[in-house]
Amino acid sequence: MTHQYLMYFQPKLFLKKALAIFFIIFSLIWLQTEIAQAQSMNDLSAIKVDDLSDAQIQELIKRASEAGLSETELIQMARLRGVSEAELEKLKNRIEKLDGAGAGVKSSAGSSKREPRKQGDLNEITSGLFQEQGDMGSLADQTSPYFGMDIFFNKKRRLSFEPNLNIATPKNYILGPGDLIYIDVYGQSEKYYEATVSSDGFILLDNVGPVGLSGKSIEDAAIIIKNRLSNFYTGMSGSNPNTFMQVTLGNVRTIKVHLVGELRLPGTFTLSAFSTVFNALYAAGGPSDNGTMREVKIIRDGKIISKVDIYDFLVNGNANLNFQLKDQDVVMVDPFMSRVRVLGEVKRPKIFEVKDGETFADLLKYAGGFTDVAFKDRINVIRITGKEKAVSDIFNEQFAVFTVKGGDEYTVTKILNRFTNRVQIKGAVFREGNFSLTEGLTLSQLIKNADGIRGEAYLERASILRTFDDLSTEVISVNLRGILDGSAPDIRLQREDVVRVSSIYDLQEEFYVQISGEVKNPGTYPFSKQMTAEDLIILAGGLRESANTSDVEIARRSASSDSGTFSELVPININIGLDIQENPVILQPYDNVVVRRKPNFTLNKQITIEGQVNSPGIFSVQTAEEKISDVIKRAGGLTPYAYTKGATLIRRTEFFDTESEQLRRQRNLQDLQQRLQQDPNNTEAQELLLQRLYLEIGNVALGTSEGSIAAQSKREAITGIAETKADMTPIRIRQTEAVAIDLEEILKNPGSDKDLILEEGDVISIPRQLQTVRMRGDVVYPATVRFEKDKGTKFYINRAGGFDIRANRKRTYVVYANGEVARTKSFLGIRSYPAVAPGAEVIVPTKGPRLPVRPGEIVGIATALATLALVLTQLNP
């Protein structure tokens, strides 16, 4: 039988092969004509592959594919036609190169290069969907009062019902025009087909012909295709086949679905052939507020083939996703059936659509059930009768039989905010709170249930707040000590009794003590009985280095009735070790311990010498009487280049933010800490010191620097004076200022009045020999000029171009290098300008802007002069 079958088909196959060979020969002749018309059309052996372009090679491969020949068969046919082996090798390489670049054959004996399954025209499917819902503005942001509407119509929705295209092809999928079919033949023979179902319902397979598949399922289509291909691949049939076939779905076609009725966006939508009714509803924005959610109809060929209850999906998760829409299906959404409202303590208080025959139990399921605080025994319902409303009650046992009706309004109330058996205890007990009122519970038993009273409980009196049925209250005072020791009768408690046990600290002020002065952490500390001043100093971190242990006093609140006495002062002596003494002074509540500073205690004072001395730098002040000449002597004296007339002393003013003792101590401790941290091999003692430094640096108080209060008062006074003078230039408060000194005279007469005593932070600056004079102010060209001996101030002003127009000549002054100032003097109109020295600055002030005279002022002056002349004329006729 097989032999006869082969004999029957061999002539047909031979004819097809012959036609293919003829077609390829014709193509080769056409290609050869394109590259060289001078060659003979029959001389294929002279073909030159190097002369062929990529486009010509691709056209050759395309025509071979259309003829059913593989690339290997194409090479063999060219060899039979006399093409040389060298040119065949070049042709093979060119074809492989083009295959690597993506020039493949769709129908070949090789492996298929198919793209992932795609849904046709996805942009068209989703076009208008999101934009139209977005155009509705705030409507899509609002939460719908109707249950289930938000699932289709909400800007924040995440459930799209988009069909999954990456699943295995469903066997019940019905093919239609536009579907792409992949057919893989493998085994003894290998072949790959790719075909699209035409509008007539056929696919066209190479060398096979048209195959009708429209309206067939994938499973039926596979059987039909196999029957057709078995005529060409004998290995597919028989009891022991060696060639096999697989049919899969490629790109999914699109279908047109009509959505009509009560929808937000009714119309015709292009959807995937995998789509269900939920995809269609999603595309249309879901039912409108007037549409039904309980009976969505699918109409096909004029007949209702299915009804979808969206509540079944929302409540039970049954989406029936296996039911797929077909082209030209109609999805009809009718107006809603009946609606009821559920209010109060349910998990979904909304408006629900109900069907005939549904009970309150079904409605409660749609509403998500009761909340935790719902009163479940009785539900209130307002029902519309023929002409008015009526109120009814539904009891728990009636939920499953009570039939709901359109227009009903159900209200689920809360449980009462009250307790049936509660008593409370508050105050000085170990466990405050609510307790159960058991039969015969007494006050002592309640205290026992609360784990007893705390040590600070006030036992002489406790109170019970009792509430009566009319919500009036009564306070019952009891002797708690007597009840606990049995000397007083116990009290039986009632529902809602509130027992309060006060603390002794609730009935008195909070006791504290204070410490100030020369301790590390001054402040307020809690008071304890038998506390001494030494105990308080230890709490405050100990004494500072500057503390005077023989001058400590306690300021105690006065117990005297004399209105003029505010406190009692108790002087005490403490030792530096803070050890225990006999008969110490015991502190009382609100005592203030003051630790004063040692007399004449001060930190190291340092000054700086810079400039022309032999050893410039920082020097510590030895004595309170050390002067400028002493320090210069310690610095090795002046250098030969020192300009003594230009020496300046820079001194801090009272407004300088001096470093307080606490800050300086903190800085020193930080330096010590950094040095210890740099050593990785610290001893145990050094590690303990580091820990102490961490604590001490964190606890150093930021105290007020000496004199800062006075400086602040002076600053405020100066600022106040400036503010009261509207025309006064703002006063500039400086932290440092230059003090003019005559160093030449100081060195000649050490210890004289001109030899100033040094203070903390002083800077002595001794410049080199100066040779210039600076011109500043209202001169024509302010500049620095060379100093010339025996020349006066006018000479240097002329060197700067002379006085400017608005120069205030009589107020010209000279600032010398050492900070001294000399002004211009005047006698009988003759000005005497100050002398100029090297390094001086000649400053010419300005008269300020000239104010123009207004016409009205001129008229006023003229009128006044005329009046004055008239008066004088009358007085002297």
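Strand 33 (residues 813–815) pairs with strand 37 in the antiparallel sense, over three bridges. Two strands count as paired here if DSSP finds at least two bridges between them, and the strands themselves (E, at least two residues) are DSSP runs, as are helices (H or I, at least four), numbered from the N terminus. This is a predicted model, in which local features need pLDDT of at least 70 and side-chain atom pairs count only at pLDDT 80 or more, while totals for chains, interfaces and linings use all residues. Residues are numbered from 1 along each chain as its sequence is written, and side-chain values use heavy atoms, with hydrogens and water left out.

Back to strand 37: the bridge partner of Y813 in this strand is I843. Strand 31 (residues 772–777) is also joined to strand 37, by four bridges, and these two run parallel. Look for G777, which stands opposite V844 of strand 37.

Where do the side chains of strand 37 point? In a regular strand, side chains alternate between the two faces of the sheet. In strand 37 (residues 841–844), E841 and I843 point one way and V842 and V844 the other, and all are buried. Buried means under 20% relative accessible area, exposed means over 50%, and partly exposed is in between (1.4 Å probe, protein chains only).

Now for the rings. The structure holds 15 aromatic pairs, where rings of Phe, Tyr and Trp (its six-membered ring) pair if their centres lie within 6.5 Å; planes under 30 degrees apart are stacked, over 60 edge-to-face, and the rest tilted. One of the pairs is F278 with F313, tilted, at 5.0 Å centre to centre and 50° between the planes. F278 lies in helix 8 (residues 277–283) and F313 in helix 9 (residues 310–316), so this pair ties together parts 35 residues apart in sequence. Both F278 and F313 are buried.

Y512 and Y590 make an edge-to-face pair, 5.1 Å centre to centre with 80° between the planes. Y512 is in strand 21 (residues 512–517) and Y590 in the loop between strand 24 (567–572) and strand 25 (592–597), 78 residues apart. Y512 is partly exposed at 31% relative accessible area, whereas Y590 is buried at 14%.

Y590 has another neighbour: the charged end of R557 sits over its ring, 3.8 Å from the centre. That label needs NZ of Lys or CZ of Arg within 6 Å of the ring centre and within 35 degrees of the ring normal. Likewise, the charged end of R768 sits over the ring of Y641, 5.0 Å from its centre.
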